[in-house]
Amino acid sequence: MVVILRGGLINEFWKFMMQQVTMKFGWISTKPFNDQKPGTSGLRKRVKVFQQENYTLNFIQATLNAMPAPGAKGSTLVVGGDGRYYSKEAVNIIIRVAAGNQLLQTSSASVKPMAGFSSPLLITQEVGPDHDFGIKFNVSNGGPAPESVTNLIYEHSKKIEQVFACEVPEIDLSTIGTQTFGDFTVEIVDSVHDYVILLKEIFDFELIRGFLVKNPDFKLLFDGLHGVTGPYAERIFIEELGLPRSTIQNYVPLPDFGGGHPDPNLTYANSLVERVERENINFGAASDGDGDRNMIYGKGAFVTPSDSVAVIAAHAEVIPYFQKTGVKGLARSMPTSAAIDLVAKKKGLEIFEVPTGWKFFGNLMDAGRLSICGEESFGTGSDHIREKDGIWAVAAWLNIIAATNEKKPGTGIKEILLEHYQTYGRNFFSRYDYEEVNGEDANKMIAHLRHLVDSGKDRFVGKTFGQFTVSSADDFEYRDPIDNSVSKNQGIRIIFTDGSRIVVRLSGTGSQGATIRLYMEKYSRNASEYESDTQEALKPLIDVALEISELRKFTGREKPTVIT
Ligand code: G6P
């Protein structure tokens with residue numbers, strides 16, 4: 001049996017049951033492409049690249065070839081997609097290759113988002129029809145494949161000569177239920193149902209419902225950005241929590257996201273931000289195209305993702321899941337602010353700093369050392385699954401607000417943030433993205449920074465720029481404490497004597513040119529600053545980041561494309 005289903009947060013998944021296989025198997029001879037190296041999160045290219053003859057077939061075959069002994073044959077494959085442009089074609093190709101490689105076994109797989117399948121394969125896609133497409137392979141723990149696996153996939157992709165594929169009729173993925181083609185049975189299942197069951201085990205829905213009943217003026221707004229989380233929000237906010245339909249917007253998934261960009265940030269989710277401010281909405285939230293990222297926004301209070309995960313960690317004891325499991329440890333990606341580190345310190349928990357990429361959290365979770373983690377890139381999650389989870393983060397905040405209001409009525413997002421700063425201080429954080437920069441220019445800038453860092457000990461360290469004096473600098477290297485694998489060159493870090501930080505790295509998810517990410521962080525223990533504007537508070541540091549990196553000189557760019 002091959003089970004193909006949505007991997008966590010996508011609105012439908014597909015379960016294929018092959019009871020007796022009498023289909024035509026065969027192989028197709030092919031030639032390798034040399035650019036199938038997965039980045040931070042799978043292989044991302046323009047749609048037209050994936051549409052080249054055999055391109056997608058090759059990558060799927062290379063992925064299966066990379067599976068450790070006893071190989072792909074007989075294993076179970078889970079496929080999720082968000083139904084956007086080229087997803088259906090890609091899913092059908094995956095079915096053909098899966099069948100051709102005889103991934104046909106397991107007979108009674110239970111259907112739970114992101115759990116328990118031996119080789120989930122996720123499809124992710126960032127923007128509209130003429131833009132990016134991506135395929136991400138997740139391993140048996142449900143999490144994104146580690147570098148050891150993605151490197152192996154790349155090696156196989158460079159020497160691939162044949163693809164095993166089976167002729168199966170094109171599957172209609174839009175109808176829930178069972179479809180039979182000869183001996184081949186396809187069952188399409190509604191994954192929202194299973195996800196909601198899981199969510200209700202994790203959070204205190206009764207408490208949230210009670211809070212909303214007691215506070216009928218507490219207004220919520222969720223923006224699905226026409227991605228996959230609309231149907232989840234509909235089920236949770238309208239059916240489970242009994243809120244009016246006006247609580248959700250852009251909740252119908254569309255192949256082109258309604259012409260928008262399904263990124264939950266201040267730029268692309270600005271219609272949510274505007275409505276929250278204009279209509280005095282207490283709780284605003286958005287999730288991205290495939291539902292793994294989130295943004296939390298209260299009136300006059302944007303919650304940075306770095307703060308969001310720190311707040312969730314600080315309040316974990318009100319969440320039933322953590323009451324049961326305890327909080328085993330916390331983690332963040334390196335560029336994410338150290339707000340969560342302060343929570344870990346206060347609570348005596350282990351804290352991990354991993355490179356950018358959710359794949360680095362999986363080992364720690366599997367080893368029972370990590371419960372809550374997040375990234376500045378709007379990813380927040382826990383060990384309930386091995387991916388970040390946008391709806392989970394929204395529910396976590398609601399649970400926290402409901403619980404806090406039991407003791408302190410009238411507490412909203414802003415109050416929770418300010419109280420957090422009173423306890424832990426505030427980590428001001430901002431990221432500047434320079435998209436589609438010429439690759440050579442970007443590399444030259446990174447080389448310049450590496451040179452500074454290397455020459456560092458005597459010449460760079462101790463140097464003063466504006467009000468900041470360099471206390472240390474390196475190119476981040478991570479040794480996984482579980483399997484001891486080492487990931488080098490994960491981003492230039494420049495740390496100043498007052499604890500402020502600049503991080504510079506190239507994105508591993510862009511599909512055109514290079515994207516330079518500049519991250520700035522400043523810590524304040526001064527209560528009079530807690531309500532300051534982030535950009536103003538960080539201005540001197542941003543100036544220093546531009547001075548040290550010589551970004552303008554190397555790239556000719558005066559302004560970032562996106563500021564988060
Ligand atoms: C994806 C990954 C995240 C990562 C983000 C940004 O969403 O799942 O783990 O933080 O991309 O990565 P990048 O390499 O572009 O900074």
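Predicted model: local features only at pLDDT ≥ 70, side-chain atom pairs only at ≥ 80, totals over all residues.
Modeller: In S12, Ala 285 is the bridge partner of Phe 222.

Colleague: In which sense do strand S10 and S12 pair, and over how many bridges?

Modeller: Strand S10, residues 220-223, pairs with S12 in the parallel sense, over four bridges.

Colleague: Which residue of S13 is the bridge partner of Ala 285?

Modeller: That partner is Ile 296. S12 and strand S13 (residues 294-298) form four bridges in the antiparallel sense.

Colleague: What is found in the hairpin of S12 and S13?

Modeller: Six residues lie between the two strands, and Gly 291 in this hairpin takes a positive phi near 80°.

Colleague: How should I read burial along a strand: are the faces of S12 covered or open?

Modeller: A residue is counted as buried if 20 or more other C-beta atoms lie within 10 Å of its own. For S12, residues 283-287, five of five residues are buried. Phe 283, Ala 285 and Ser 287 are buried on one side, and Gly 284 and Ala 286 are buried on the other.

Colleague: Turning to the ligand, which residues come nearest?

Modeller: Of the 13 residues around the ligand, the nearest are Thr 40, Ser 377, Ser 507, Gly 508 and Thr 509.

Colleague: How many residues of each class does the shell have?

Modeller: The shell has ten polar residues, two charged and one nonpolar. Domain 2 (194-424) and domain 3 (427-563) each contribute at least three residues to the shell.

Note on methods. Residues numbered from 1 in each chain as written. Buried ≥ 20, exposed ≤ 12 C-beta atoms within 10 Å, placed from the backbone. Pairing = 2+ DSSP bridges. Near = placed C-beta within 6 Å. Nonpolar A, V, L, I, M, F, W, Y, C, P; charged D, E, K, R; others polar. Domains from an automatic or database assignment.
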